[in-house]
Amino acid sequence: MYGLPITTERKKQLPKKAVYAKFDLKPSQRDGFDADVSRMDIVAALSPATLPAIAAGENIKNIYVLAVQLKRKDYDSKSIVLLSRLIPQNILFALQFEADTQFAVYHADRLIRSAWMPTGEAKIALSGLSMDAVWENIVKSIGGIEMEQGKTLTQQIQTNEQRAKTLAQIAALARKMASEKQPRRKREYFEIIKKLKSNL
């Protein structure tokens, strides 16, 4: 499944009722979760025991692959974040809606997601000599993250987020500048855009 070695495969349902009972969710959390999630199954366990060529990491010993059947494609990401926080494991989510799948991981207090793809084409490539490296490469692959020299993965995610915010700000100011009639205001917008671009 998902191009993973057969040695990693597992079949264990994670009943929603068991999650509710164990973690004592508030009614609003339960309702939100129930509106999004239909069923959850652990479909793979990645560890040195199931992947003999990969050593245990300093921080990460196991990664679980959790297939989540969704009731709607435009699910609330809070449902998946909640699950990530409740279960103290490194989880790779395979979010499935009808014939499509989206991969997601919760890393550095952020939910990082892939694009949707046909389930038959949804594959996870494993690379790295330790579980730490495997997890980092999964996160990079799902988020399409290109690493800059000297940055950790968490730093790179923060940098990319900041860059995306700045680009959105520049686009909004450019629209305002285009519709502005007063030359003085136009110039002010231009100067702000120039400064933001230099920060990039």
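A residue counts as buried when its relative accessible area is under 20%, and I would like to keep that cut-off in mind as we look at this model, which is a predicted one. Phe103 has a relative accessibility of 2%, so it counts as buried, and Tyr2, with a relative accessible area of 7%, is buried as well.

How are the rings of these two residues arranged? Their centres are 5.5 Å apart and their planes stand at 80°, so Tyr2 and Phe103 make an edge-to-face pair. This pair links distant parts of the chain, since Tyr2 belongs to the segment before strand 1 and Phe103 to strand 5, 101 residues apart.

Tyr2 and Phe103 are also among the residues with the most contacts inside the largest nonpolar core, which has 28 residues. Several elements give two or more residues to this core, including strand 4, strand 5 and helix 4, and the largest share, six residues, comes from helix 4. In general, nonpolar side chains in soluble globular proteins tend to be buried together.

Let me turn to another of the three aromatic pairs in the structure. The rings of Tyr75 and Trp116 have centres 6.5 Å apart and planes at 75°, so this pair is edge-to-face. Tyr75 is buried, with a relative accessible area of 8%, whereas Trp116, with 26%, is partly exposed. Trp116 has a further neighbour to point out, because the charged end of Lys73 sits over its ring, 5.1 Å from the centre.

Finally, strand 5 and strand 6 run antiparallel and are joined by four bridges, and they form a hairpin with two residues between them, where Ala108 in the turn has a positive phi of about 55°.

Notes
Residues numbered from 1 in each chain as written. Predicted model: local features only at pLDDT ≥ 70, side-chain atom pairs only at ≥ 80, totals over all residues. Heavy atoms only, no water. Core = buried A, V, L, I, M, F, W, Y, C linked by side-chain atoms within 4.5 Å. Buried < 20%, exposed > 50% of the residue type's maximum accessible area, 1.4 Å probe, protein only. Pairing = 2+ DSSP bridges. Phe/Tyr/Trp six-rings, centres within 6.5 Å; stacked < 30°, edge-to-face > 60°. Lys NZ or Arg CZ within 6 Å of the ring centre and 35° of its normal.
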